Amino acid sequence: MAADADQIDSPYKAEMVLAPKLWPHVAWSDVVHIHNARSGYAAFGAVASALAGKPFFYTPHAFYGPHSAVNSLLKTAWDRSVERFLVERSARTILLTDAWLEFLRSRGIGAEKVCIIPNCILGSDFTDHAAESYGHLAGSPAILSVGRLDPVKRLSDVIKALGMPELSEGHLHIVGKGEDRRRLMAVAQECDVVDRVTFYGFVDDTNVARMMMGSDVFVLASEQEGLPTVLLEALIKNLPIVCTRIPGNLAITNVAGIDSSYEVGDVLELARLLASSVGRSVPPGAAEAVRRAFTWEHRAPEILALYQIAREENHK
């Protein structure tokens, strides 16, 4: 159950439920799985589960950094109280990478019941390599970005990179919605690259896959990520990637054997990597390595086993 779930019925049912109506769903469940760090909704679900005597699992995904001194104090206070309860009271806390272990310890949060299981995708969704593409997107290179428009994604760095001589023919194709769009358009205006930046808004999964087939490179310039599944999707589609050298991204590139990352904010290196992507392909074996490590077909049994253990222990 989630406050912002998509209403779907197949292959399983998802319902949008606000916190006051969560209780009956906790009551019928055997286990509860809570997602998202520093979330009041997640905290409510955990308290409801504890009061109902139901084991709950917690996946915080990522702990984003503060954006002001006051925000830093508030996040620290929340982490040392609510997050500590969530992690230490859960049947298991599932981190996406081991990079977050030190973060928990730095907040005085015990990590004895923590395990590492990354974000994954369904490999079966990427078996149709004959799907029609749009043809080659505009630009050389044609650079694709997919994700919400938020300052943490640092798309302004990619727009600034378009102004570098080596990317004079490059074109950035931005898929996604968010409050940062107006600022990004202003950055494109300042860099005199407006005609080489296209905002598409929301695009469904099928058409995103087609856009990947028509691109030269996928870019992820974020300053922080949990474990971005969009990089997995690009690699399985054999689309070269350029991304920041942060733990969530490196957890993927290290497995895939790819060295196309750069330090956050290094626009010169970003421009160089994007320019060198023209005519390149994903290294042999990278897509298969991603399939083995980051698809639910291979990793879902680990979570299922944890659910079963928690259920059996709770029924003793």
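Tutor: First, a term. A crossing is right-handed if the near helix is turned clockwise from the far one by less than a right angle, and left-handed if anticlockwise. Keep in mind that this is a predicted model.

Student: OK. Which way does α9 pass α11?

Tutor: The crossing of α9 with α11 is right-handed. Residues A251, I252, V255 and A256 of α9 make the contact, with A286, A289, V290, A293 and F294 on the α11 side.

Student: What classes of residue are in that contact of α9 with α11?

Tutor: Nine nonpolar residues, with no polar and no charged ones.

Student: And the angle at which the axes of α9 and α11 cross, what is it roughly?

Tutor: Roughly 125°, and the axes come within 8 Å. Angles over 145 degrees would count as roughly antiparallel, and 65 to 115 as roughly perpendicular. The two helices, α9 and α11, are therefore oblique to each other.

Student: Switching to the sheet. What's the strand order?

Tutor: β7-β6-β5-β8-β9-β10, an open sheet of six strands with parallel pairing. The edge strands are β7, residues 197–201, and β10, residues 261–262. Each of them pairs on one side only.

Student: How many bridges join β9 to β10?

Tutor: Two, and the strands run parallel. In this pair, T244 stands opposite Y262 of β10.

Student: Back to α9. Which strands does it lie across?

Tutor: Helix α9, residues 247–256, lies across β8, β9 and β10. It runs at about 140° to β9.

Technical notes:
Residues numbered from 1 in each chain as written. Predicted model: local features only at pLDDT ≥ 70, side-chain atom pairs only at ≥ 80, totals over all residues. Heavy atoms only, no water. Pairing = 2+ DSSP bridges. Helix = DSSP H or I, 4+ residues; strand = E, 2+ residues; numbered from the N terminus. Contact = heavy atoms within 4.5 Å. Axes fitted to C-alpha atoms, helices over the stretch in contact; angles between N-to-C directions. Parallel < 35°, antiparallel > 145°, perpendicular 65-115°, else oblique. Nonpolar A, V, L, I, M, F, W, Y, C, P; charged D, E, K, R; others polar.
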